[in-house]
Amino acid sequence: MGLLSSFSQWRETRYQNHISNMRDQGKCPDCQGRGYTVYPYNEFAYFNSFDCPSCQGSGSFSYWETLR
Ligand SMILES: [Zn+2]
């Protein structure tokens, strides 16, 4: 197994762990249940949060699962 494939395996495992944690809590994995996503380095301070597209701002895991 090469370095690259073990790295992507590690990333995949981390991602799967994150998904199952969020499923347990019923939260959208992309926004952690906040319902919006934030871009912290956006210089337009007033426009730096958006409804999360993955759950349409609901923050719920079931929405995320339906819409993915
Ligand atoms: Zn979301």
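This is a short chat about a predicted model.

Colleague: What span should helix H1 have, and what are its end C-alpha atoms apart?
Modeller: Its 23 residues, 3-25, should span 33 Å at 1.5 Å a residue, and the end C-alpha atoms are 33 Å apart, which agrees. The expected span is 1.5 Å times one less than the number of residues. Helices (H or I, at least four residues) and strands (E, at least two) are DSSP runs, numbered from the N terminus.

Colleague: What comes just after H1?
Modeller: Glycine 26, with a positive phi of about 70°.

Colleague: And glutamine 32, where is it found?
Modeller: In the loop between H1 and strand E1 (36-38). Glutamine 32 is partly exposed, at 35% relative accessible area. Buried means under 20%, exposed over 50%, partly exposed in between (1.4 Å probe, protein chains only).

Colleague: New topic. How are phenylalanine 61 and tryptophan 64 placed in helix H2?
Modeller: They sit 3 residues apart, about one turn of the helix. Phenylalanine 61 is buried at 5% relative accessibility, and tryptophan 64 is buried at 4%.

Colleague: Why does that spacing matter for direction?
Modeller: An α-helix has 3.6 residues a turn, so residues three or four places apart point the same way.

How values were computed:
Residues numbered from 1 in each chain as written. Predicted model: local features only at pLDDT ≥ 70, side-chain atom pairs only at ≥ 80, totals over all residues. Heavy atoms only, no water.
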